[in-house]
Structures are given as C-alpha cells and as structure tokens.
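My notes follow in the order I looked things up.

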Amino acid sequence: MACRGLTVNDVSTGASEAYPELKSIYASEPPSVAFARAESVADTMEGWDNCQVTDTWTLHCEATTGTFDFVDDVWITVEKRGPKGSKVSMRSASRVGKGDLGANARRIRTFQQAFEAFTPGALPD
C-alpha cells in the first residue's frame, strides 16, 4: 500500500479500497447541528474556497493543493443516524491526474481531526 497515492485520486470515507482506515464520523448531535459545525470547520481549512451548500446537508468546497495549485473537489454529507445522531461522510477528488500522492486522504484526515476537536462526542465508526 506504500504506492497507493500514485494510482488513487478519488477518496471517500468508508468506500475507498486503497484507504480502508478512512471511515465516516458518527456524531451525537442532530444533522442540523453537525452540518453547521462541518460548515464552520470547512471555513477554517487552509486552501478551501467556494464552499456551497448543494443539497440538504451536503457541502461542496474547492480545495487548492499547496504544491502545484491544482483544484480538487471536496464533498461533506451529513445524514441522520438514530433518534439524535448524525453520520458525517466525505469525498475528496482530484480534477486532474491519475494519482494524488495521498493528498485527498490527508485532506479527509485533517478535516476529521478538526471536526472531532470542534465537536465533542464525535466518534469514528
């Protein structure tokens, strides 16, 4: 798996064979609260711009890579889970190239760490 960043340029939580360790986050708050927190965290992410709500509890952002200034797409989706909880899933995809050198997986990890720090009670699945 050491070379997975050379052949992967589209990573999703819970759905990427190359990154099985990346899972959605389950939060103990309702989706409206989890989504508001996800928006707040997205606003703090370095290189993330043009964040737009595209659907109910779905946020799309453009993330510019630091090295080559490529623009990648990031989607954050919040779903209701249980009577009071939420599932926060992510997808990060490069617009160009066949490999991202691990940038999309790092982007998801960085967001999740910030989300967990910002949201007490969030647990990975």
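What does the accessible surface of the chain come to, and what percentage belongs to carbon and sulfur atoms? I read about 6800 Å², with 53% belonging to carbon and sulfur atoms; areas come from the Shrake-Rupley method with a 1.4 Å probe, and for residues only the protein chains shown count as cover.

**Ground rules.** I noted that this is a predicted model, in which local features need pLDDT of at least 70 and side-chain atom pairs count only at pLDDT 80 or more, while totals for chains, interfaces and linings use all residues. Residues are numbered from 1 along each chain as its sequence is written, and side-chain values use heavy atoms, with hydrogens and water left out.

**Overall fold.** I found three helices and seven strands in the chain, taken as DSSP runs numbered from the N terminus (helices H or I, at least four residues; strands E, at least two). Along the sequence I read α-β-β-α-β-β-β-β-α-β. Of the 125 residues, 43% are buried (buried is under 20% relative accessible area, exposed over 50%, partly exposed in between; 1.4 Å probe, protein chains only).

**Helix H2.** I checked the length of H2, residues 31-44: its 14 residues should span 20 Å at 1.5 Å a residue, and its end C-alpha atoms are 20 Å apart, so the two agree. The expected span is 1.5 Å times one less than the number of residues. Which residues of H2 are buried? I listed Pro 31, Ala 34, Phe 35, Ala 38, Val 41 and Ala 42. Seen down the axis, the buried residues of H2 fall within an arc of 125 degrees, so they line one face; the arc is that of directions from the helix axis to the C-beta atoms. Asp 43 and Thr 44 are exposed on the face of H2 turned away from its buried side. The cover over the buried residues of H2 includes strands S3 (48-55) and S4 (58-64) and helix H3 (103-118).

**Core.** The largest nonpolar core has 26 residues, and Trp 48, Ile 76, Phe 111 and Phe 115 have the most contacts inside it. Such a core is a set of buried Ala, Val, Leu, Ile, Met, Phe, Trp, Tyr and Cys residues joined through side-chain atoms within 4.5 Å. H2 gives the largest share of this core, five residues. Leaving out residues up to four places away in sequence, I saw Trp 48 touch residues including Ala 42, Ile 76 and Phe 111 (contact is heavy atoms within 4.5 Å).

**Gly 14.** I placed Gly 14 in the loop between S1 (10-12) and S2. Gly 14 counts as exposed because its relative accessibility is 57%.
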